[in-house]
Amino acid sequence: MNMKRRTFLTAGAAMTTVAIHQLWNPRSSFAQNGKVLNLYSARHYDADNQVYEGFFNKTGIKVNLVEASADKLIERVRSEGANSPADVIVTVDAGNLWRTQQSDLFQKIPMSSLLYSRIKSSLRDPDGYWFGFTKRARVIIHNKERVNPADIARYEDLADQKWRGKLLLRSSSNVYNQSLVGSIVAADGESETENWAKSVVVNLARRPGGNDISQIKAVAAGEGDLTIANTYYLARLANSSKPEDREVASKVGIIFPNQRDRGTHVNISGGGIAKFAPNPEAALQYLEYLASPEAQQIFAGSNFEYPVVDGIPMNSVLTGFGQFKSDPLNPKVFGEKNAIALQIMDRSGWT
Ligand SMILES: [Fe+2]
């Protein structure tokens with residue numbers, strides 16, 4: 001198993017990594033003093049270490065981190081059952097939050113929580129099982145030399161035959177594109193979305209593959225004119241210490257699609273309290289901390305994600321992207337439409 005467990009100690013202390021199978025039973029040891037939070041997270045960003053540190057400084061509660069992909073975390077918590085040490089489960093993409101909820105691994109967050117006032121209803125589960133803590137827009141990235149941004153305004157335009165052989169996309173196995181297609185199904189209906197997906201596949205310059213960063217690099221290199229990627233990946237390249245990354249970022253431009261209609265597809269990273277959390281109070285404190293100005297600023301300033309709370313200062317790379325209108329569709333719908341989105345991508349030959 002690839003899963004790692006890190007024990008967060010104090011500011012500046014070394015992180016220790018041990019294999020999970022070497023651990024003793026955390027329910028009988030960590031859980032007793034109430035000063036520990038067992039966090040299962042599919043986020044894998046260095047900036048999050050600052051969040052654990054900030055939470056410790058504020059509350060004296062240590063974060064014990066189990067880090068793995070959403071699939072592995074869900075599988076693990078499910079197999080641990082009522083003995084799971086997980087207090088909080090955090091994932092990226094609402095599709096994964098929805099799957100965690102469908103697997104009955106979250107408990108309802110009390111209505112009295114500060115979270116309901118800090119996080120608007122379009123960024124949390126309507127039934128109160130999970131909350132979004134960061135936003136990421138899934139935008140069109142274009143090669144500046146080859147594309148006039150005025151020539152494309154909507155995700156729907158990616159199907160236009162003028163982009164034949166010019167489009168780069170990552171595979172349909174990735175949840176980011178599944179959620180995007182789910183949002184298009186919600187807006188345009190199933191048959192229209194399937195027609196769109198078929199034309200999009202015809203427009204591909206190469207077989208889908210690679211991650212968001214590799215799509216952006218390929219667009220900069222002229223292997224295609226357009227791709228779709230999450231905003232923080234471009235921000236990371238633009239802010240990189242490597243000149244070659246900044247060069248890539250300088251060759252591409254960002255288009256926020258659907259500004260004249262429903263708005264750009266925005267997804268979230270978020271989390272909730274595990275159903276059998278041994279430390280539910282610490283879990284709620286942690287989630288509330290994630291919505292605090294301090295944590296929001298770490299996410300926005302160091303990981304280039306958009307804050308979910310208004311009035312948080314943003315990294316200049318993000319403000320440089322400009323303001324945009326977001327699709328207000330509740331992220332729960334990405335989960336509900338996931339199965340049909342996958343079928344459509346499959347039938348369209350989006351491999
Ligand atoms: Fe990502």
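Visitor: Which residues touch the most other members of the largest nonpolar core?
Guide: Val88, Ile89, Ile216 and Leu234 do, out of the 98 residues in that core. Bear in mind that this is a predicted model. As for the biggest contributor, helix H10 (residues 280–290) gives the most to this core, with seven residues.

Visitor: What makes you place this core relative to domain 1 and domain 2?
Guide: Look at who contributes. Domain 1 (4–135 + 267–317) and domain 2 (136–264 + 322–348) both give residues to the core, so the core lies between them.

Visitor: What counts as a contact for Ile216, once its neighbours within four places in sequence are left aside?
Guide: The test is C-beta atoms within 7 Å, placed from the backbone. On that test Ile216 is in contact with Ile141, Thr227, Ala229, Tyr233, Leu234, Leu237, Val248 and Val252.

Visitor: How do you know how far apart the centres of domain 1 and domain 2 are, and which residues bring them into contact?
Guide: Over C-alpha atoms, 28 Å separate the two centres. Across the boundary, 20 residues of domain 1 are in contact with 18 residues of domain 2. On the domain 1 side, H3, strand E7 (131–143) and E11 each supply at least two of the touching residues. H3 gives the most there, with five residues.

Visitor: What makes Gly271 buried or exposed?
Guide: A residue needs 20 or more other C-beta atoms within 10 Å to be called buried. Gly271 has 27 C-beta neighbours inside 10 Å, so it counts as buried. Gly271 sits in strand E11. Leaving aside its neighbours within four places in sequence, Gly271 is in contact with Val88, Ile89, Val90, Thr91, Trp130, Phe133 and Leu287. Gly271 and Thr100 are 171 residues apart in sequence, yet their C-alpha atoms are 9.4 Å apart in space.

Visitor: Why is E7 called mostly covered?
Guide: Of the 13 residues in E7, 13 are buried.

Visitor: What makes E7 a pairing partner of E11, E12, E9 and E10?
Guide: Pairing takes at least two bridges between two strands, so go through the counts one by one. Six bridges join E7 to E11, and the two run antiparallel, with Phe131 standing opposite Gly271. E7 and strand E12 (residues 306–307) have two bridges, also antiparallel, and there Lys135 faces Tyr306. E9 is joined to E7 by five bridges, antiparallel; the bridge partner of Ile141 in E9 is Thr227. Then there is E10, with four bridges in the antiparallel sense, where His142 has Gly253 as its bridge partner.

Visitor: How do you know whether helix H8 (residues 231–238) is enclosed or open?
Guide: Count the residues: seven of the eight are buried, so H8 is largely enclosed by the rest of the structure. The buried ones are Thr231, Tyr232, Tyr233, Leu234, Ala235, Leu237 and Ala238. Their cover includes E7, helix H7 (212–220), strand E9 (226–230), helix H9 (243–251), strand E10 (252–255) and helix H12 (316–321).

Visitor: And helix H2 (residues 70–80): which of its residues are buried?
Guide: Ala70, Leu73, Ile74 and Val77. They span an arc of only 100° around the axis, which puts them on the same side of H2. What they pack against is strand E3 (36–41), strand E5 (88–92), helix H3 (94–102) and strand E11 (266–274). After H2 comes Gly81, whose phi is positive, near 55°.

Visitor: What makes strand E4 (residues 62–67) largely enclosed?
Guide: Six of its six residues are buried, so the rest of the structure largely encloses E4. Lys62, Asn64 and Val66 point one way and Val63, Leu65 and Glu67 the other, and all are buried.

Visitor: Which sense does the pairing of E3 and E4 take, and what hand has the crossover between them?
Guide: E3 and E4 pair in the parallel sense over six bridges, and one of the pairs is Asn38 with Asn64 in E4. From E3 the chain crosses through helix H1 (residues 47–59) to E4, a β-α-β crossover that is right-handed. That name applies when, with the strands pointing away from the viewer, the path over the helix runs clockwise.

Technical notes: Residues are numbered from 1 along each chain as its sequence is written. This is a predicted model: local features need pLDDT of at least 70, side-chain atom pairs count only at pLDDT 80 or more; totals for chains, interfaces and linings use all residues. A nonpolar core is a set of buried Ala, Val, Leu, Ile, Met, Phe, Trp, Tyr and Cys residues joined through C-beta atoms within 7 Å. A residue is buried if 20 or more other C-beta atoms lie within 10 Å of its own, exposed if 12 or fewer, and partly exposed in between; C-beta atoms are placed from the backbone. Domain bounds come from an automatic or database domain assignment. Two residues are in contact if their C-beta atoms, placed from the backbone, lie within 7 Å. The arc is that of the directions from the helix axis to the C-beta atoms.
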